[in-house]
Amino acid sequence: MPSYLEKRSIRYCLFGLIGVTVVLLGILAFYNWVLSIVGLLLFGLPFYFLFKLDLEQRKETEEYITTLSYRVKKVGEEALMEMPIGIMLINDDYYIEWTNPFMASCFDEDTLVGRSLYDVGDSLIPIIKREVETETITLNERKFRVVHKPEERLLYFFDVTEQIEIEKLYEDERTVIAIIFLDNYDDLTQGMDDQTRSSLNNLVTSILNKWAMENGVFLKRVSSERFIAIFNEHILAQFEKSKFTILDFVRETTSKQNVPLTLSIGVGSGVPALPELGILAQSSLDLALGRGGDQVAIKQPNGKVKFFGGKTNPVEKRTRVRARVISHALKELVSESDKVIVMGHKRPDMDAIGSSIGIQKVAEMNHRDGFIVINQDELDNSVQRLMNEIKKNEAFYSRFITPEQALEMATDDTLLVVVDTHKPSMVIEDRLLAKIENVVVIDHHRRGEDFIHNPLLVYMEPYASSTAELVTELLEYQPKNQKIDMLEATALLAGIIVDTKSFTLRTGARTFDAASYLRGQGADTVLVQRFLKEDVDTFIKRAKIIETVSFYREGLAIAKGREDEVYDQVLIAQAADTLLAMDGVTASFVISYRADQMIGVSARSLGDINVQVIMETLEGGGHLTNAATQLQNLSIEDVELKLKEAIDEYLEGRKQE
């Protein structure tokens with residue numbers, strides 16, 4: 001349509017021109033009416049045709065607009081009724097008032113009008129109630145992206161089935177790299193002859209090759225104890241669903257040959273770059289080995305880690321080569337520092353204090369000042385008795401400092417040694433971790449996701465009974481210019497005795513070797529018993545917790561403290577230990593409030609139940625037979641419910657395996 005016809009201002013100019021012409025012709029008629037008539041004829045004919053043309057153009061324009069409106073309306077109706085997008089109008093009672101034919105065809109019905117959403121698609125109800133703008137749902141075995149317009153009570157449905165299938169195909173075909181490690185291969189083959197070693201290699205290789213062929217995995221052996229596996233996300237999902245049964249198969253098959261060999265697998269997935277996949281795989285393997293091996297760790301790009309396996313206790317290493325190497329490395333780090341600060345976990349137990357004293361002795365043996373960070377308000381009765389004994393030696397007691405004093409004396413050359421924990425959230429003073437760059441970690445717990453960032457040296461051996469045992473072995477390889485005195489040896493022995501429950505749990509040959517060494521250095525077992533004595537009130541308090549015991553599943557005992565009473569963490573652990581000693585109990589769980597207003601859960605087992613996996617579900621951790629967690633903003637009943645859910649999940653997982 002010509003644009004000038006849309007503007008009235010053009011017609012006004014034309015009317016003005018006519019008016020001026022008529023006036024001029026009127027003036028001319030006053031002087032010469034003949035010329036005026038001739039002028040009227042000359043100007044009248046063009047104006048007549050001009051008005052006629054304008055009238056015809058306006059008529060054509062009106063016809064064009066009428067036709068266009070009809071076409072637009074027709075196209076709108078066609079699009080509304082025929083385009084492959086579902087449209088649905090509903091009322092306040094969730095009944096369908098109108099849909100386009102495409103929406104009805106998705107349900108293989110002629111019409112959906114008058115039907116309730118509860119019958120047609122109840123998954124739409126939460127979207128409408130929460131006024132969600134867009135969400136993807138499944139209707140009649142198809143995937144739809146639903147766009148909700150609350151004010152109009154209108155729903156648009158975009159079929160994204162093919163798009164999601166393509167996305168899933170892409171995700172399923174993404175590359176995954178796994179590093180498979182034979183945990184105890186060196187220890188097992190150390191004393192074997194060539195024929196036996198070759199037979200073991202053939203057995204393991206044939207098992208893994210068969211597993212790879214059956215599951216579409218490319219497998220390549222890169223060393224005597226290491227394999228590289230490449231597959232895709234779809235195969236990884238199948239492995240996760242089956243809980244990586246290859247771990248159990250290898251363990252059981254080799255055990256029949258009297259060679260208890262286990263696997264650890266580190267998996268890298270979720271990123272397209274192959275170098276990054278390799279880094280994730282190696283990091284996952286380090287995590288699996290740090291937790292004692294015989295398990296799979298899958299580290300994801302967001303930092304989350306999935307664990308599978310870990311059903312067996314870590315196998316004790318017969319050789320002390322690693323202890324000697326770590327001891328030498330620690331000696332070098334201590335010698336290069338101006339001072340050594342030792343820090344354990346919050347509310348330190350005998351193991352944390354004893355191992356701290358041992359590291360302070362390492363610093364002293366290398367002619368460096370060593371200081372132990374403690375918080376006097378967080379000491380339990382047994383540790384307080386030890387501190388009272390230490391106070392009798394003024395020089396020794398001066399080595400114990402507060403977190404504030406440690407922050408003041410820390411320099412760029414200070415070495416920080418963290419003992420009996422590897423989690424930044426668990427240390428006595430996390431500001432020390434931020435201030436001191438040179439950090440050493442010595443721990444006997446299974447490694448978790450939360451780990452101290454970039455330590456210079458890590459000595460983590462989950463097979464060890466206690467950190468005190470590890471520190472004792474390190475002391476044996478330090479310079480012999482100073483003798484360990486009686487109180488230092490006694491503190492280390494107390495740490496071992498507490499964590500092994502008087503040498504009854506997690507005790508290996510090297511545990512007795514360490515205890516023997518400490519006894520030879522003058523450790524007083526009678527003094528240890530004095531430290532570990534408890535008062536009558538504590539005994540009664542623990543007995544009242546045990547009195548609440550109930551059995552959730554066969555052999556699984558759960559006891560709870562009172563809602564209005566606070567319990568010491570050590571008392572909670574002791575209650576779990578006492579329950580475990582009862583007939584018919586294979587695993588015990590004790591729930592109660594702690595002094596920090598958090599709810600503590602202590603878990604113990606005889607080995608049949610992996611309490612570490614259960615506690616990790618509740619954001620905790622520990623060992624297969626000894627684990628714990630702390631939760632906040634919940635009641636004891638809430639925690640008990642979560643604990644039962646975690647137990648159910650664990651037991652269901654074992655049944656599927």
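In the predicted model, the side chains of arginine 197 and aspartate 194 meet in a salt bridge, with an N to O distance of 3.1 Å. Both residues belong to helix H8 (residues 194-215), where, being three residues apart, they are separated by about one helical turn. An α-helix has 3.6 residues a turn, so residues three or four places apart point the same way.

Side chains of opposite charge can pair when their charged atoms come close. A further instance is formed by aspartate 577 and arginine 604, whose closest N and O atoms are 2.8 Å apart. This pair links distant parts of the chain, with aspartate 577 placed in helix H23 (residues 569-580) and arginine 604 in strand S21 (residues 599-605), 27 residues apart. Aspartate 577 is buried, with a relative accessible area of 18%, and arginine 604 is likewise buried, with a value of 5%. Elsewhere, salt bridges that share partners join Lys541, Arg562, Asp564 and Glu565 into one network. Within this group, arginine 562 forms a salt bridge with glutamate 565, for which the closest N and O atoms lie 3.9 Å apart; glutamate 565 is partly exposed, with a relative accessible area of 25%.

Helix H19 (residues 486-500) comprises 15 residues and reaches 21 Å from its first C-alpha to its last, which is close to the 21 Å expected at 1.5 Å a residue. Because 13 of its 15 residues are buried, H19 is largely enclosed by the rest of the structure. At the start of H19, a side-chain oxygen of aspartate 485 reaches to within 3.2 Å of the backbone nitrogen of leucine 487, while the helix is followed by lysine 501, whose phi is positive, near 55°.

On the surface, a nonpolar patch is formed by Trp33, Val34, Ile37, Val38, Leu41, Leu42 and Phe43, which together have about 720 Å² of accessible area. Valine 34, one of the residues of this patch, is found in helix H2 (residues 33-82) and is partly exposed, with a relative accessible area of 43%.

Technical notes. Residues are numbered from 1 along each chain as its sequence is written. This is a predicted model: local features need pLDDT of at least 70, side-chain atom pairs count only at pLDDT 80 or more; totals for chains, interfaces and linings use all residues. Side-chain values use heavy atoms; hydrogens and water are left out. Patches are made of residues with over 30% relative accessible area and no salt bridge: like charges are joined within 9 Å, nonpolar side chains (Val, Leu, Ile, Met, Phe, Trp, Tyr) within 5 Å. Accessible areas come from the Shrake-Rupley method with a 1.4 Å probe; for residues, only the protein chains shown count as cover. A salt bridge is a side-chain nitrogen of Lys or Arg within 4 Å of a carboxyl oxygen of Asp or Glu. Helices (H or I, at least four residues) and strands (E, at least two) are DSSP runs, numbered from the N terminus. Buried means under 20% relative accessible area, exposed over 50%, partly exposed in between (1.4 Å probe, protein chains only). The expected span of a helix is 1.5 Å times one less than its number of residues. A polar contact is a pair of N or O atoms within 3.5 Å; within protein, one must be able to donate a hydrogen and the other to accept it, and residues adjacent in sequence count only if both atoms are side-chain atoms.
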